[in-house]
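Open the model in your viewer and keep the sequence panel beside it. This tour moves from one selection to the next and says what is there.

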Amino acid sequence: MSYVAPAPVVRRPWWQRLLRNPWFWVLLVLVLVSAACVVHTYVNMHADTEVERDGQKGVVPGITNQSFKLAFHYAWPTAAVWSAIFILIDRFRTRHLHVWFLCFCWGACIATWISLHVNTWMAGMLSVTGGVDPASGAGPAVYSAPFVEESCKAMVLFGLAVVMGRRMTSVVQTVSMAGLSAIGFAFVENIMYYARADNYARVTAAAGDPKKAVMEMVRLRGVYTSFGHPLFTSMTGIGLALGLRSRSRLVRILAPTTGFVMAVTGHMLFNGFSSVLPMAALKNLWYVALAIVASVVIFVAIRMMREGKMVRNRLEDYVKAGWLPESDADTLSALRRRQWAGLVALSHGPRRWWHTLEFLRTGTDLAYLRDAVVRGLEDDPGTRQIQLIDRLNSLRPMAVTVARGAKLAKPRLPAFLRRRRSQQVNNELQWAPPQA
């Protein structure tokens with residue numbers, strides 16, 4: 001069987017490729033803007049606040065660095081666990097570290113900064129009274145905060161949809177990105193809540209033990225209801241993916257809109273019930289929320305299996321045409337074989353592992369491009385199709401492309417130790433010749 005020969009590829013130096021990559025500049029700007037947002041948020045929360053109540057002026061002390069450190073200590077495990085879950089979901093899209101980082105950083109830094117200021121402004125417009133933080137009342141939490149927060153978290157999804165276009169067509173992929181944006185948002189929000197609880201308990205004698213107050217907040221937000229933000233934003237991601245994969249203009253508009261409305265409605269009900277219902281009633285609703293989470297998990301699992309079947313069917317089109325070997329469809333269509341290929345490549349060294357990840361990603365992009373052609377979403381894929389096939393063939397000598405029968409490489413010593421061991425050492429005794 002013959003397939004397309006690899007085209008000669010001229011590789012530029014790594015620093016030239018880096019500077020020519022638009023993602024480098026996007027991430028650089030993102031990091032700078034995110035750092036500015038985090039610093040500004042910290043300054044606002046760390047500063048003392050002057051208040052006036054019943055004609056008397058007072059000062060509410062800002063959150064101390066000690067409270068911030070304690071809050072970060074309790075907030076990062078929840079963020080780490082949920083981030084790992086959403087990264088593992090997106091197994092068909094390998095080597096998307098920049099997209100994952102972008103989504104998490106957006107939700108953690110920029111979305112929280114925007115929502116904090118907009119929520120405060122909207123709470124002031126609603127004439128909320130009775131608290132230092134105007135965004136802490138039940139009214140803003142039910143009527144304004146869900147819309148503002150879901151809009152901020154979803155901005156990165158719609159922005160990536162505009163930039164990536166047809167390459168962002170997987171429900172699993174959009175759920176992964178939506179979840180990372182949401183968990184980044186929840187991470188910083190949890191730090192604020194934990195720090196406020198600790199700081200308030202330290203400056204108010206009637207509040208009781210500060211550690212107990214923080215631990216109650218950690219159990220509530222970091223464990224029992226930690227699925228809230230990811231669940232709501234995932235609905236927007238699902239609607240966006242269904243819209244991108246549809247040929248109907250009406251569905252392209254209604255699907256993302258419906259997903260966003262469901263996210264806002266769920267967030268609104270969640271905040272409303274938490275504000276007005278007693279704890280006994282909330283326990284029963286918690287089981288209902290778990291059932292909704294389970295249904296979303298089942299839906300995503302089914303989509304993952306369908307995605308693997310779609311990748312196999314679309315790559316077999318190229319196999320039948322003689323453009324790709326049959327092993328490509330076999331390796332790229334099953335998660336266990338993709339993972340085994342990556343593990344075998346890693347045993348051969350980081351360079352082979354990196355090329356294998358690129359091979360898996362390129363093959364997946366080719367399958368989705370072919371699927372877009374079959375669905376009628378792509379009219380002329382010729383140039384990109386040839387580029388992807390050429391890239392696949394150029395990666396074959398450097399990557400693990402056949403998972404069946406592949407074996408792990410034996411551990412090898414570092415190069416400098418191998419050189420030392422290869423030197424022959426003559427341990428024989430040397431005798432002088434007999435004298436005549």
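A residue counts as buried when its relative accessible area is under 20%. Keep that cut-off in mind. Keep in mind, too, that this is a predicted model.

**Stop 1: the whole chain**

Colour the chain by secondary structure. It has 16 helices and two strands. Of its 436 residues, 43% are buried. Now think about contacts between residues with a separation of 6 or more: 75% of them join residues 24 or more positions apart.

**Stop 2: the annotated spans**

Zoom in on two of them. Residues 142–163 are 95% helix and 0% strand, with 33 Å between the end C-alpha atoms. Residues 175–195 are 100% helix and 0% strand, and here the end C-alpha atoms lie 30 Å apart.

**Stop 3: helix 2 against helix 4**

Show helix 2 (residues 22–46) and helix 4 (residues 97–125). Their axes come within 9 Å and cross at roughly 35°. The crossing is left-handed. From helix 2, the residues in the contact include Trp23, Leu27, Leu30, Cys37, His40 and Asn44. Helix 4 answers with residues including His98, Phe101, Cys105, Trp106, Trp113 and His117. What classes of residue make up the contact of helix 2 with helix 4? There are 17 nonpolar, six polar and no charged residues.

**Stop 4: serine 34**

Stay on helix 2 and select serine 34, which sits in that helix. Is serine 34 buried or exposed? It is buried, because its relative accessible area is 2%. Set aside residues up to four places away in sequence, and serine 34 touches Cys105, Cys109 and Ile110. Serine 34 and cysteine 105 are 71 residues apart along the chain, yet their C-alpha atoms are separated by 7.1 Å.

**Stop 5: helix 4 against helix 6**

On the helix 4 side, look for Val99, Leu102, Cys103 and Trp106, among others. On the helix 6 side, the contact residues include Glu149, Lys153, Val156 and Leu160. By class, the contact has 14 nonpolar, two polar and two charged residues.

**Stop 6: the largest nonpolar core**

Which residues touch the most other members of the largest nonpolar core? They are Leu30, Cys103, Val156, Leu160, Met168, Met177 and Tyr194, out of 61 residues in that core. Helix 7 gives the most, with 15 residues.

Centre the view on leucine 160. Beyond its neighbours within four places in sequence, leucine 160 is in contact with Trp23, Val99, Leu102, Cys103, Gly165, Met168 and Met177. Then look for a second, separate core of 20 residues, which includes Val311, Val319, Tyr368 and Leu369.

**Stop 7**

Begin with phenylalanine 68, in helix 3. Phenylalanine 68 has a relative accessible area of 15%, so it is buried. Leaving out neighbours within four places in sequence, phenylalanine 68 contacts Tyr42, Met45, Ile63, Ile191 and Ala195. Draw a distance line from phenylalanine 68 to aspartate 198. They are 130 residues apart along the chain, and their C-alpha atoms are separated by 8.8 Å.

Next, pick serine 234 in helix 9. Why does serine 234 count as buried? Its relative accessibility is 5%, and that is why it counts as buried. Serine 234 contacts Phe86, Val175 and Ala178, leaving aside neighbours within four places in sequence. Valine 175 is 59 residues from serine 234 in sequence but 5.1 Å away in space, C-alpha to C-alpha.

End at asparagine 271, in helix 10 (residues 249–276). Asparagine 271 is buried, because its relative accessible area is 14%. Not counting residues up to four places away in sequence, asparagine 271 touches Ala141, Val142 and Pro146.

Terms used. Residues are numbered from 1 along each chain as its sequence is written. This is a predicted model: local features need pLDDT of at least 70, side-chain atom pairs count only at pLDDT 80 or more; totals for chains, interfaces and linings use all residues. Side-chain values use heavy atoms; hydrogens and water are left out. Helices (H or I, at least four residues) and strands (E, at least two) are DSSP runs, numbered from the N terminus. Axes are lines fitted to C-alpha atoms, for helices over the stretch in contact, and angles run from 0 to 180 degrees between N-to-C directions. A crossing is left-handed if the near helix is turned anticlockwise from the far one by less than a right angle, and right-handed if clockwise. Contact means heavy atoms within 4.5 Å. Ala, Val, Leu, Ile, Met, Phe, Trp, Tyr, Cys and Pro count as nonpolar, Asp, Glu, Lys and Arg as charged, and the others, Gly among them, as polar. A nonpolar core is a set of buried Ala, Val, Leu, Ile, Met, Phe, Trp, Tyr and Cys residues joined through side-chain atoms within 4.5 Å. Buried means under 20% relative accessible area, exposed over 50%, partly exposed in between (1.4 Å probe, protein chains only).
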